[in-house]
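Please keep the sequence and the structure in view while reading.

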Amino acid sequence: MDYKELGKRIKELRLAKKLTQSELVSDFITRSMLSQIESGSATPSMRTLEYIAQKLQIPVSELVPDQSASLDCLLTAKRALAAKDYDRVLQFAEKLPVALADEAYALKAKAHLELAKLLEAQHRHKSAADHAHAAASNASQGVYASRHLRADALLLLDEAEHSGEVEST
């Protein structure tokens, strides 16, 4: 679905619920931004799509039906991250399609870093180092690349390597 089709779909659903643009946007986005989204001249973020779907009382997949499985997978991974279920984050991030590679890199970087921290605290240095390495690698890829997260991962990797159990890479 292209952005013109998505905008048209949002407008149709809004009108079906008898909502004005102002009633739909509230304080989250401006009415002008919603107008641009509905006309297809602006691209909504995933967070904006989640907000609009919530206000329309529908699942996000109803806004973009041809990509519902991908969006459900992304949302599941994000919820798992919020719940600190890092193994589940990795499980669902791996299932994301290439179109969502940037989101996958960001999710995997954060999940690997958090797992590395947990494992290092348990003195499981080899496993911590493996996750820290994966975090650093993922944190340096995509539009959401994070030097801060990569630096944290590299520091943790250095700690694990100096524990005496892990060879330097």
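## Charged pairs and overall form

Glu114 is buried, with a relative accessible area of 15%, where buried means under 20% relative accessible area, exposed means over 50%, and partly exposed lies in between, computed with a 1.4 Å probe on protein chains only. The model is a predicted one, in which local features need a pLDDT of at least 70 and side-chain atom pairs count only at pLDDT 80 or more, whereas totals for chains, interfaces and linings use all residues. Residues are numbered from 1 along each chain as its sequence is written, and side-chain values use heavy atoms, with hydrogens and water left out.

Glu114 takes part in a salt bridge with Lys110, their closest N and O atoms being 3.1 Å apart; the term stands for a side-chain nitrogen of Lys or Arg within 4 Å of a carboxyl oxygen of Asp or Glu. Both Lys110 and Glu114 belong to helix H8 and are four residues apart, about one turn of the helix, and Lys110, at 32% relative accessibility, counts as partly exposed. Side chains of opposite charge can pair when their charged atoms come close.

By this rule the chain has seven salt bridges, and the table gives three of them.

| Pair | Closest N and O atoms |
|---|---|
| Glu94 and Lys108 | 3.3 Å |
| Lys110 and Glu114 | 3.1 Å |
| Asp130 and Lys126 | 3.0 Å |

Glu94 forms a salt bridge with Lys108, and this pair links distant parts of the chain, since Glu94 sits in the loop between helix H7 (86-93) and helix H8 (101-121), while Lys108 lies in helix H8, 14 residues apart. Of these two partners, Glu94 is exposed, with a relative accessible area of 56%, whereas Lys108 is buried, with a relative accessible area of 13%.

Asp130 and Lys126, by contrast, both lie in helix H9 (residues 125-139), four residues apart, about one turn of the helix. Asp130 counts as partly exposed at 42% relative accessibility, and Lys126 likewise counts as partly exposed at 47%.

Helix H4 (residues 46-56) has as its buried residues Met46, Thr48, Leu49, Tyr51, Ile52, Ala53 and Leu56. Just after H4, Gln57 adopts a positive phi of about 60 degrees.

Taken as a whole, the chain has 10 helices and zero strands, helices being DSSP runs of H or I with at least four residues and strands runs of E with at least two, numbered from the N terminus. The radius of gyration of the chain is 20 Å, whereas a compact globule of 169 residues would have one near 15 Å; this value is taken over C-alpha atoms, and the globule rule is 2.2 Å times the number of residues to the power 0.38. The C-alpha trace spans about 65 × 30 × 25 Å along its principal axes.

Of the 169 residues, 42% count as buried. Among the contacts with a separation of 6 or more, 54% come from residues 24 or more positions apart, a contact meaning heavy atoms within 4.5 Å.
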